[in-house]
Amino acid sequence: LSRSPLMEAAGKWADLGSCCCGKVTLRQATIFLCAGMVITGCIAFSAELILLSLVYCAVGGLGIYAATFRDEKVMQYFVVLLCSIFLFEVAALGYYLVAQNAVVVKLAEVRCSGLRNEAECREWMQRNLGAHFVIAFLVVSTLLALGTALVAWVAQSLTSVLAMGGTGDEGLGPRAFALRHGDCKESLTKSV
């Protein structure tokens, strides 16, 4: 697997080395964020969102496994899965916004047809029907998508360090690791 273009661009923008003022390494941050994905999956299960729950628990568990055992190949698949989930979340959000508007318009036509003040009824339904739910859905979906993007960013940084022969516990991002240890696995294994 090659690096995704999205993660390549993010890597050029900022080099994520250590999180939380140098207290947490890339591997620890990946494990922590993946545990958050599993917890999110459990919360989604309690809200009866079974498919979302299974996806988040499975992908989060895969990330925990890959980061714990420093498995570079599994980390690459994990990053690809995260990017796919992110794109799906953005597409689903866009589709929902378009579909929500179409459903409200259709419902307004059905409920308001034949009334004396049909135009006023349609306007009121389009303005008020589901507005709170739409706002809540927008906030939750945006937070999930941003969280997925964050996990993908940290995991891609860990994957890059693992590819160069590191462990992820160095407290260095991919660029800093490459500068300090070179891009050669042999030089790192000799010094360890």
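**Entry 1: the model.** I'm working with a predicted model.

**Entry 2: disulfides.** I wanted to know how many disulfides there are. My search of the whole structure turned up one. A disulfide is a covalent bond between the sulfur atoms of two cysteines. Here the partners are C112 and C121, with their sulfur atoms 1.9 Å apart. I also looked up the torsion about the S-S bond of C112 and C121: it is about -65°, so this disulfide is left-handed.

**Entry 3: buried or exposed?** C112 is buried, at 0% relative accessible area. C121 comes out at 18%, and because the cut-off for buried is under 20%, C121 counts as buried.

**Entry 4: C42 and C57.** A disulfide needs the sulfur atoms within 2.5 Å. C42 is partly exposed, with 45% relative accessible area, and C57 is partly exposed at 26%.

**Entry 5: the largest pocket.** Next I looked at the largest pocket, which holds about 640 Å³ of space. Its lining has 21 residues, and L49, L52, Y56, F88 and L144 lie nearest the centre. Which helices supply at least two residues each of the lining? I noted helix 2 (26-46), helix 3 (50-68), helix 4 (72-112) and helix 6 (131-163). Sorting the lining residues by type gave me 18 nonpolar, two polar and one charged.

Note on methods
Residues numbered from 1 in each chain as written. Predicted model: local features only at pLDDT ≥ 70, side-chain atom pairs only at ≥ 80, totals over all residues. Heavy atoms only, no water. 1 Å grid on protein atoms, 1.4 Å probe; cavity = no way out; pocket = protein on both sides within 12 Å on 5 of 7 lines; lining within 4 Å. Points joined across faces, edges and corners; volume = space filled by probe spheres on them. Helix = DSSP H or I, 4+ residues; strand = E, 2+ residues; numbered from the N terminus. Nonpolar A, V, L, I, M, F, W, Y, C, P; charged D, E, K, R; others polar. Buried < 20%, exposed > 50% of the residue type's maximum accessible area, 1.4 Å probe, protein only.
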